[in-house]
Amino acid sequence: MRGELCIGFASILSFASVILLIFVHIGQINTSTVPRKISMVKVNMTGYGSTIETITFPNTDTTSGLYTNNSSAPLNAQAGLRQFYDFGLYSYCGYVTGGEGICGNHTAGQKYTPFDIIQSDMATNFSVLNAAIIPENTFRDSSYLGKSSKAAYWMILLGTICAALALLTGVAKNNLTFFVSAIFSALGSLLLLIAASIWTVMIKKSQVINTSLTPTNVPLNIIVSEGNGLFLTWAAFACLIVSVVPYVVSFKLRSLKVLVPLLFALIASTVQAIPKITRSDRYLYDDSGSRFYIKGIAYQEQGDVVASDNNPFGEPSSFVDPLSIDAACARDLPFLQELGVNTIRVYSVNSSLNHDACMNAFSQAGIYAIIDLSIPLNGSIDRVSPSWSTNILDLYTNTIDTFSKYDNVLAFNVGNEVVISNATAVSPYIKAAARDIKAYLKSKSSSALVGYSAINGASDWRGDLADYLSCDPSNSNSDSTAIDLYGLNDYEWCGDSTFQSSYAGTTSAFSDYNVVAYFSEFGCITSPPRLWTETVALFGSNMNTVWSGGIAFSYFPATSAQGQFGMVTISSDSKTVTTSDDFDRLKTEYNSISFINSPSQSSAGSSTYPSCPAADSVFLASTTLPPTPNEAACNCLESALSCQFTPSTTNYTAIVGELLDFGCSLLGQEGSSACNDVGGDGSKGVYGRISGCDPTIKLSYVMSQYYESQQRQTSACQFGGNGTVNSKTSSSLTADSAASSCIANPGAVFTPSAAPTSKAPGPSGTTKTGDNNTSGALSVVGDSNALLGMSLMAFVSVLGGIWSLQ
């Protein structure tokens, strides 16, 4: 009896789904009573005439001939605009004010292309004007809307067939047909879910026209809205997915609890991807053309900090990769959502670890990540002894390769506070890194931005640095060496301050900046408590034309000479989060923010890249940049050198610098200038031909130069047991000639390649990792471009799970 009830309930649900889908299919096939009332999307053009009148000759009837009052006038024939357009799956219909209308030609999968359709109904004089005043946005993107609506149609059609087959096969009362019904219901549900999601996203994106303005800032008065056909599709999906359970129960599965998580995983795998963020001039926009602001928080546990005179900034010597600890991300995500953040900034990651669970969970929650590419110690550009070399480039590209598969990476930072008041000559190395990382991202078709986070330095060089990083040394308005995203670590607002007291000067200084700027850190602690009222100014009208949001510092505890920055504490077992008053106040302020959606993307303008600021006595930065590090050339040199660095310890990074200094001092005593080959000077724009190689290769080069100057005596290659004579190279080949042969073009600039697998560098600093929980606490979502393929794979997994239970 219980089985009869289950199959009866399942049949009712399948029948309801089929009936709902039949109504969806007949929408707008003609203008009779029922079909005319059902549509997927509606476009209301009634107010458009007033817009035309306003921008041409106000108070004059200049719209004569724009609309037609003849309800039977053919569509797509320049016979006049209709007040209403309703779109179905097989046709679209145009209706005049009285409610009468006519439908277009029928086709399998009517494309939703509203701009093309209204354009084709207008007389030529109006269509020309229409093309000029409707901005370039999704409403006008007929290629995207047409292809998407066509794809959604086929999924609805196949979903309808599956629903009907589920109903029919379920009538036969035996286990096999119940099993088949369950499969058809699951597959039909998947197809309907994808189709309904596509239509929902298309309509949402095309609704950008609802708030769009003409070039003269007059509202267009075109309104796009959802049709009831969309709601019927969602309802049909709901009925069909629920019907799976009674079909499965009727099939007498021995362990229903195994199937339910699989079905939920199937649904979770089709969650709509996070919107893509792009840059237009100095602003960020999402897919719909709405302005995007960074409303973020720093998300990185503090590593070990060794206090010393050589570490005045309290920089850590180790790091914890927060995106590799699944359980921690699952623990923290509800609190990040409670804060209302849309971005996290992560300062160091380990490219050898897995980040799928964390990154996909954050993506599903609508949270983007700004990833700093550098890591502590030897994994970043050294402001004291700078170089842009293969070991750092490889580290950066490995991180990009690891994270490029995630759809919520907003930007990669090439440095954080590297340039300070007495080290501005390091700036060309930062700009060279931005150049090469930008080229590498373009080669991978990545939309991620390239950024840098600057210390809020003295006014006599802070602006020069910002301009330098976004300028074009070639004076050809090229973006090839410019960053996309300038971050300022700004702590000017302390306590209960005001815009005029804290931010007015800095905002004025950046008023004409040419790329996106934001506060990559904010949250002063010197005048407690932190009220976070600066967010009102940062996202308000005084600053929104200059800045695109900011990153509050910091979610995790972070100790500095000034005090404690953290907003939460984590229990000793790493399972419990306790929030602070800082957290609660930031939550209040963040959740009260309303983004100002201006300027529009169409009026943002195109990006420009001015000439670079001239170097002076304070800002010492040449416009001649270091070359692109050449892995192949450096490896060629290494294999040819007569004396090679073979460290006696695995932890050799600490001694490379000491041995380089020692070797160069020996060569200097002999009057040799060979060490000029391994160094560089950013203030003069002079870079040695070996300067782009790994420090160990530079050391081998210096050791070889000294070994050869000592008539190749074996003892001259010892260097405290860290050197070995290379028996595989010719005794007549010198280090100098090897360098000339291997590095024939030392100033070359080119697009980097991925780091060789055999030489993929690991983190230079110590990585502390937590327990990488893979128990399924966080669901995994793949690339949105492979949504259908992933969904079919998920269905096959469900099928296999059901079959394995037999």
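User: How many disulfides does a search of the whole structure find?

Analyst: This is a predicted model, where local features need pLDDT of at least 70, side-chain atom pairs count only at pLDDT 80 or more, and totals for chains, interfaces and linings use all residues. Residues are numbered from 1 along each chain as its sequence is written, and side-chain values use heavy atoms, with hydrogens and water left out. A disulfide here is a pair of cysteine sulfur atoms within 2.5 Å. The search of the whole structure gives eight.

User: Which hand does the disulfide of C93 and C103 have?

Analyst: The S to S distance of C93 and C103 is 1.8 Å. C93 sits in strand 3 (residues 92-95) and C103 in strand 4 (residues 101-103), so the link ties parts ten residues apart in sequence; strands (E, at least two residues) and helices (H or I, at least four) are DSSP runs numbered from the N terminus. The torsion about the S-S bond is about 90°, so the disulfide is right-handed.

User: Is C634 buried or exposed?

Analyst: C634 bonds to C693, with the sulfur atoms 2.0 Å apart. C634 lies in helix 18 (residues 631-640) and C693 in the loop between strand 24 (686-687) and helix 20 (695-709), so the pair ties parts 59 residues apart in sequence. Buried means under 20% relative accessible area, exposed over 50%, partly exposed in between (1.4 Å probe, protein chains only). At a relative accessible area of 3%, C634 is buried.

User: How many residues apart are C643 and C717?

Analyst: Their sulfur atoms are 1.9 Å apart, and the link is right-handed, with 95° about the S-S bond. C643 is in strand 22 (residues 643-645), and C717 is in the loop between helix 20 and strand 25 (723-725). The two distant parts of the chain are 74 residues apart.

User: Which residue stands opposite L449 of strand 14?

Analyst: Strand 13 (residues 409-416) also runs parallel to strand 14, joined by four bridges. Opposite L449 stands A411.

Technical notes. Two strands pair if DSSP finds at least two bridges between them.
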